[in-house]
Amino acid sequence: MTQSESPEPGLGGLLTKDLSVVAAGTPLLAEALAEQAVPVESVDWRPPPPGTEGALAAVMGDPRRADANATALDRMLAVHPHLVDVRPAREVLDLEPGTFLHAGPPITWERASGPMRGALIGAMLLEELAKTPEEAERTLADGRVVLDPCHHRQTVGPMAGVVSPSMWMLVVEDRGADGRTGRRAYCSLNEGLGKVLRYGAYGPEVIRRLRWMSEVLGPVLRDAVRAHGPVDLKAIMAHALQMGDELHNRNRAATTLLCRELAADIAECDAPREDIGDVLRFVGGNDHFFLNLAMAAGKASADAARSVPGSTLVVAMARNGTDFGIQVSGTGDRWFTAPAAVPDGLYLGSYGPRDANPDIGDSTITETTGVGGFAMAAAPAIVRFIGGEVPDALAATRRMYEITLGEHPAFQVPILSFRGTPVGIDVTRVVRTGILPCVNTGIAGRVAGVGQVGAGLVAPPAEVFGAALEALAELVPRP
Amino acid sequence: MNEPEAAAGPAWVDVRRGLYRDSITLMRISRGLAERDGVLGALTAMATDLNLELLSRLGFTAPPDVGPNDLVVAIRATDEATLGGARDVLDAMLTEAPAAYAPGAPGAPGTPGDDQVPARTIATAAARAARSSGIAGTAPTLALVSVPGRHAFVEAMDALESGLNVMIFSDNVPVAEEILLKDAAARRGLIVMGPDCGTAVVGGAGLGFANAVRPGPVGIVAASGTGSQQVMCLLDAAGVGVSHAIGVGGRDLSAEVSGRGTLQALAALSADPATELIVMVSKPPAPPVAALIREAARRLTTPVVFAVLGDGDGIGSGAGIRGPGGRHERRAGRDLTAAVEAALAVLGVPVPSWPSWPAAVPPRPRPGALRGLFAGGTLCAEALHIAAGTLGTVHSNLPGRPAGDTGHVMIDFGDDRLTQGRAHPMIDPSLRLERLAAELADPSCSVVLLDVVLGYAAEPDPAARLAPLIGQAGDTAVVVSLCGTPHDPQGRDRQAAALRDAGATVFASNAAAARYAVSLIEVSEHSVIEGHRR
């Protein structure tokens, strides 16, 4: 019997220290304490959605949960990602011709959105599996290709996230203190803005750029990174957060820091002078070049936290343009999905909400690992771009502390007195509070080939967290 | 649906789905609306069955398809303009930000550089309070949980994981959850007080319903909130103070929960240098639990006085004293007052004459029924026990007692079934006031016995609402058990004077009040025999 264990009489100093209370529930009881000059921190408690009470109680009562979450979060935070190499997908991912990776949870051609279809068509053309877009579309529609989520191959891809064998990949490796686990994660090279494959464009200039990236950019970066040695991404990200990036919609500082880090090694590559100039111009001229590195770093961190039984930590949030999916540490590789929402934000030129595709991309791995929307307070420069004001940015980051398990030891927000960013989304807290993760995102045009039409904020559908909670509840061991 | 006569005037009923406000805030809003000129009736409440029934009683048509997560608002007024005005006021009151911050508290709006919005979970609030406590302040040691019972487990578990002890004020919490919480707490060296723990005193501060008592050498462990309050108030009246009063919840000594909280509380108080004597207040424990407690008390270095209500308790009938090795064991009466007297004897303090405030015109005994209307469950049980010894059958909603509304009746208005979606009767007296009026109008009722429990969190001026009714009692005698201290926010002596001036006879000892009330019932030969037969 439990009570026969000798009880610890200390009670955390309850009877000996000055009383200080946290109160949840009726304000009357907190007021009565305040009348007696007892310090009270009040909770603005609200009931969870009807129907979730049983699963919440089961999961909150899971004796494994607290330790499992501590373990999972420790693993996520212990990862020290470095850029160690740049190599073709066919080599590092065992990607065979006719297999394409894509963003988000699993999807079929039939259910794929415009930008996803466009990107797949472009990848068919790039791989010379079709001569025309029409032929590519027919092949894809006939189901003669294999579609697999990036997330299933330690990979993440922005927007449509389509990866084909000839694309070059950033190779990111965990070189954390406890012995370089060797865990790796991958992401493609960022194409820049405008008409690009990741937004579903597949015109000749898109394919031409992708060819150049495979023939020139990839090999030059490979040589530069190998000459430089592993590039410490955590350090660059930590600095960039203090320079106004949030590492999802703003990567200007991080990209600049990366250029500074690699410039000499790029210059010394054994490549034609004009290629070196083109590479420096391309990387330096693309404010989002670092996004793909932040994503791979996030993926390496999140994967380390996978499959801890009892843990309610979210290890992936991803969208394929049709569905929003999450994966949770305690439920293995299972996806919990629901229809993706259309982001709310500002539109470029004459585009409007009717031109927007539902939310798409694996870039939510940044929010999953404590940056992006979770670090909005660090990036006042972009809050207007996504349709807000500076206080909104501060409020967004502060709100995320309610649903996260910890504060990032390396990523700090100067304006919050260098408080660590909120990191480690906890399914139980999302359900309890009804606060959904805040995601910064680009908005893709709904028609294949249009490209980016805006940027803004989006929230995951609440039901994916409810579904994950139900699954966690079913896995709670019976006493 | 039949519209009651009083309900003349335009009515309006609306549902705010998924909008949650706690029952006390809603009670305040209802009362604020009802007090407006031209408003004939108003109710804002979560749509529990109990509240829907109340809505019908007030003459409103309950909306279809609503549940306890929906907020129902209903107003009836003399005319449309008044109704419209009341609706605007209602909307303003409902949209007001919850009064979550004491002014100047850490994190209060306007505090530069700190969080601007109240925390949404206990974990966040605990982390915030710990951060802002700094070097000089004190990090929180306790979470006070008063959310609706079906949500209390989650909040309490969150508190334990944040390293906080927990007092669960909420009732309607499943017993399996109570056991899980108490075990989780013990593993962390923490304690869960409750569920349904209404009263605690920690280091002089009253939590929940607690009285302003002087500091002193007596530690209280109580499975009953009002029992604990009665003991601390009588001790205070005798000039003896309280170190701490730890509540454990009414089910702690059941066979299932097996004294988990009581054993921890006894150990903690025994280790506490400020505590010289422990008074344990409870109903009779389940027999195997009584043995556990007896053993634990025997091993303690601090003497324990048991104030166990009711018949045979397996610890020692009524109040008994256990010292180290169980040496000085004494027997005392079977009520809380006797237990306090036993504790005073251990401390070597003389027993005072317990305060009472006799009515100017003493009532005369006459035949009829005794009706006890209680806010405190333990005070109700104690009075019932005393009354049943003389009067025989007493109907009650207390467990194990015959139900019914005729003859002698004792009702505990704090019962779980009467508080679903409503505030406790010590905060919201409306159901009891309604019943009091009915009893005073009932010719078969000759004596009404009421408890009035003062202290933090209780109604600010209970006598103000009782006195007008008592003043119209006519031949019906009104006896009041007044549980409070002179330092309570309501002022015990002010309350006593107001009740006495209205015609009631007032006692500080609940047992004395019950005996007096019983003495006012003229008993026929027949009913005495019936009483002894049971």
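In chain A, strands β17 (residues 439–444) and β18 (residues 452–458) run antiparallel and are joined by six bridges. One of the residues to look for here is Val439(A), whose bridge partner in β18(A) is Val458(A). Keep in mind as you explore that this is a predicted model, with an ipTM of 0.89 and a pTM of 0.86.

**Strand β17 of chain A**
- β17(A) is mostly covered, with six of its six residues buried.
- Val439(A), Thr441(A) and Ile443(A) point one way from the strand, while Asn440(A), Gly442(A) and Ala444(A) point the other way.
- Residues on either side of β17(A) are buried, Ile443(A) and Ala444(A) among them.
- In a regular strand, side chains alternate between the two faces of the sheet.

**A glycine in helix α10**
- Gly277(A) sits in helix α10 of chain A, which covers residues 273–284.
- Gly277(A) counts as exposed because it has 12 C-beta neighbours inside 10 Å, and the cut-off for exposed is 12 or fewer.
- From Gly277(A) to Val342(A) is 65 residues in sequence and 39 Å in space, C-alpha to C-alpha.

**Confidence in chain B**
- Chain B has an average pLDDT of 86, and 87% of the residues score at least 70.
- Residues 1–6 of chain B stay under 50 in pLDDT, and the model has four contacts for them beyond four places in sequence.
- Residues 527–534 of chain B also stay under 50, and here the model has eight such contacts beyond four places in sequence.
- Where pLDDT is low, the predicted coordinates should not be read in detail.

Terms used. Residues numbered from 1 in each chain as written. Chains lettered and ligands numbered in written order. Predicted model: local features only at pLDDT ≥ 70, side-chain atom pairs only at ≥ 80, totals over all residues. pLDDT = per-residue confidence, 0-100. Contact = placed C-beta atoms within 7 Å. Helix = DSSP H or I, 4+ residues; strand = E, 2+ residues; numbered from the N terminus. Buried ≥ 20, exposed ≤ 12 C-beta atoms within 10 Å, placed from the backbone. Pairing = 2+ DSSP bridges.
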